[in-house]
Amino acid sequence: MKNTLNWTTPIQYIKGIGPFKASLLKKMGIETVEDALFYLPFRYEDRTTIHKISDPLPVNEMVTLCGEVRGVRNRITPRKYLKILEVVLADPTCGSGDSKTGKTGVIACKWFNQPFLEKVFKPGQTVMVTGKVSKNSYEHFRLEIAPASFEIISPEEDGEPEVGRGKIVPIYHETPGMSSKNFRTLIKSLLETDLLSEREKLPPNLLHQYGFPSFASALKEVHFPSTRENLSQLLEGKSIFHQRLVFEDFFFLEMGLALRKNKHKKENKGFSFTLNGGMEEKLLRALSFQLTPAQKRVLNEIKEDMKRPFPMNRLLQGDVGSGKTVVALMAMLIAVENGFQACLMVPTELLAEQHYFNLTSLLAPFHISVGLLSQGMKKKEQAEVLKEIAEGKTRLVIGTHSLIQEKVAFKNLGLAVVDEQHKFGVMQRMELKKKGESPELLIMTATPIPRTLALTVYGDLDLSVLDELPPGRKPVETRLYYERQRTSVYSFMESEIKKGRQAYFVFPLIEESQKVDLHAAVTMHQTLQNEVFPSLKIGLLHGKMKGDEKEKVMRQFKEREIQILVSTTVIEVGIDISNASLMVVEHAERFGLAQLHQLRGRVGRGSDPSYCFLIANYPMSEDAKRRLKAMVSSTDGFKLAEEDLAIRGPGEFFGTRQSGLPELRVASLLRDGRMLETARREAIGLLEKDPLLHHPDHAGLKEILLRRWLDKLDLLSTG
Ligand code: ADP
Ligand code: MG
């Protein structure tokens, strides 16, 4: 096995695995030798001291005992709600073992509500258990133990030798058919091959600078710690051994990202735009407000990019309502002024329409033809728009996903803007870019991204942040209500409407329960109109309505003919109606945190006080409670994004799973944010000195990068 084994060998060929276990492992994401070696324990047990049962055992502490099974029985407590499995263990030297007399050398192990374990234990087996010792509640002289883990030492299961006795023992997440012990045996056997010694890929100076252990010893220590000294650090994943592996993880990622960015700059010859400022000034005069300092700063960053001879690749991040649209519009005008077309892609038709109407009226004095491309359009109308885009008559194009359809062709697209980027995938962004000959790309997101994520998922983009809201905005007052308090929500709503304000009522709508969800919104519309507020006009808006119907309702709401708008999440992003002061979110427990924050961003757009009421229903998960609590206590998008990351974990956050990046093996964006910054700095520094990794010390790095980023991009092809 030794000679043929390498990092990519399928796990099936490892001794003791075979096709069946391999299929179980595959479900856990373990397919190769490398995958298995990076499957790290989630905790450890200190079995360096194995007590005899007759030792004076410390009550209320964790101990490890080893003994012989003398009896097994399942029983139910008198009140019949607890099933207890009791296994009597005895020191092998202890005669017949009679726990009733309080004789030492015998102890009862108790498992609660796991009756299936009865089949696992048989008299005569030698078993090791680790758990907390306590006194029997009736007979205090008798001790018992509640095992946190156990292991059958003999007779051996599957003939696998026991590798944990007298050691710090790694505990792995199990799957039926692969016990923690199975993992231990597998990984131990892999660690003993000579694979590890060849696997040092970090340059020696970095190892030296940070005092990192070698790869081999880091991986060995993380799986099988040699001493108990750093056990607490190991448990938290913060030992120097973990740190080395974490650094490496981030370092390879950041190297790849930096190479991709360099390559992009080198290979894409863009157009150098000239800035004569004519249209910009004209637009500034047309606006009813002054740009905020943040808007000015970001606009300058964008202009610098546009002047350069390679295309912009920039992420503009700014909380809801921070005024991204006008910044994007300025950039689009620069492109138009230089004789190019520009486009703006948004996630919903409603938003596309809103942008279209706002821009056409704002740009009326500019004599620039603006086009709208939407799915709901009539065939003939659409054909006309497509023709004008292809001929270059239409200079500014606004649309949804419809912009990336094959039949859309621009004459000369100079700038593509993607609004609400998190609603699109990476592929869609790429598709849009292909509509021009290396156009400038500006992508915008309203949901703030924690710095750690911005450095990874969007690490190959330049980043601009609008960290300031236009003046005079008041934070939206957010309150949590339960179903039974509904009437007070109504009376508050009534008083807001009496003041001349308007309100939203938003319902969740998800694919799986579409019919029911839609029904809830429609029913609420009727109830509000017929029973609660018969004298008001209540509108209804949802995705199943035709384009012109939606348009009509939105227009009526904008012109205040409608006071209350009942809607599904179609209004989630972008919609900008500043007279609306109250947002009621029904079934708030079903929404994600980012989504709630977006929804809340629909109000608080003027200078009057505004409110967001979250109506929650039971049952509610713990995560849902955390989300609602976060919403009530903060309106800061960045704080909420961090909290969201903490609740959901980075994998789920913004669908980063499909971000097209190699996965992190050991590092956690949550736990290891600091190390990420260090790794990024080192990666960029190294590439400045040796951009194509020619130095012999970097040969290993090059090899790893090519493997990890294999399908992602041929990063080093120019080398
Ligand atoms: P978002 O960043 O969420 O897309 P918008 O671009 O929709 O925000 O802007 C929100 C509102 O703020 C709009 O009504 C816009 O006209 C207004 N706005 C933008 N910039 C300013 C500013 N500097 N001063 C005052 N209002 C502004
Ligand atoms: Mg917007």
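H587 lies in the loop between strand 19 (580-585) and helix 18 (593-600); helices (H or I, at least four residues) and strands (E, at least two) are DSSP runs, numbered from the N terminus. H587 has a positive phi of about 50°, although H587 is not a glycine. Most residues other than glycine have a negative phi, and most peptide bonds are trans. The peptide bond from Y618 to P619 is cis, with omega near -5°. P619 is found in the loop between strand 20 (611-616) and helix 19 (622-633).

The model is predicted, and local features need pLDDT of at least 70, side-chain atom pairs count only at pLDDT 80 or more, while totals for chains, interfaces and linings use all residues. Residues are numbered from 1 along each chain as its sequence is written, chains are lettered from A and ligands numbered from 1 in the order in which they are written, and side-chain values use heavy atoms, with hydrogens and water left out.

**The barrel**

A closed barrel of 5 strands runs 2-3-4-6-5, with mixed pairing; two strands pair if DSSP finds at least two bridges between them. From one strand to the next, the twist averages 50°, where axes are lines fitted to C-alpha atoms, for helices over the stretch in contact, and angles run from 0 to 180 degrees between N-to-C directions. G67 has V127 in strand 5 as its bridge partner, and V133 stands opposite I145 in strand 6.

An open sheet is formed by 7 strands in the order 10-11-9-12-13-8-14, and the pairing is parallel. Its edge strands, each pairing on one side only, are strand 10 (370-373) and strand 14 (462-466). The twist averages 20° from one strand to the next. The bridge partner of A416 in strand 13 is L441. Helix 12 (residues 379-391) lies across strand 9 (341-345), strand 10 and strand 11 (396-399), running at about 135° to strand 10; contact means heavy atoms within 4.5 Å.

| Strand | Partner strand | Sense and bridges |
|---|---|---|
| strand 2 (residues 62-76) | strand 5 (residues 126-135) | antiparallel, 7 bridges |
| strand 5 | strand 6 (residues 143-154) | antiparallel, 10 bridges |
| strand 12 (residues 413-418) | strand 13 (residues 440-445) | parallel, 4 bridges |

**Salt bridges**

The structure holds 33 salt bridges, a salt bridge being a side-chain nitrogen of Lys or Arg within 4 Å of a carboxyl oxygen of Asp or Glu. One of them joins the side chains of D46 and R228 (3.0 Å, N to O). D46 belongs to strand 1 (residues 43-46) and R228 to the loop between helix 5 (215-223) and helix 6 (231-236), so the pair ties together parts that are 182 residues apart in sequence.

**Cavities**

A search of the whole structure finds 3 cavities of 30 Å³ or more. On a 1 Å grid over the protein atoms alone, a cavity is a set of points where a 1.4 Å probe fits but cannot get out, and lining residues have an atom within 4 Å of a point. The second largest cavity contains about 40 Å³ of space; grid points are joined across faces, edges and corners, and a volume is the space filled by probe spheres set on the points. K265, D305, R308, F310, P311, M312, N313 and D462 line the second largest cavity.

Key: On a 1 Å grid over the protein atoms alone, a cavity is a set of points where a 1.4 Å probe fits but cannot get out, and a pocket is an open set with protein on both sides within 12 Å along at least five of seven lines; lining residues have an atom within 4 Å of a point.
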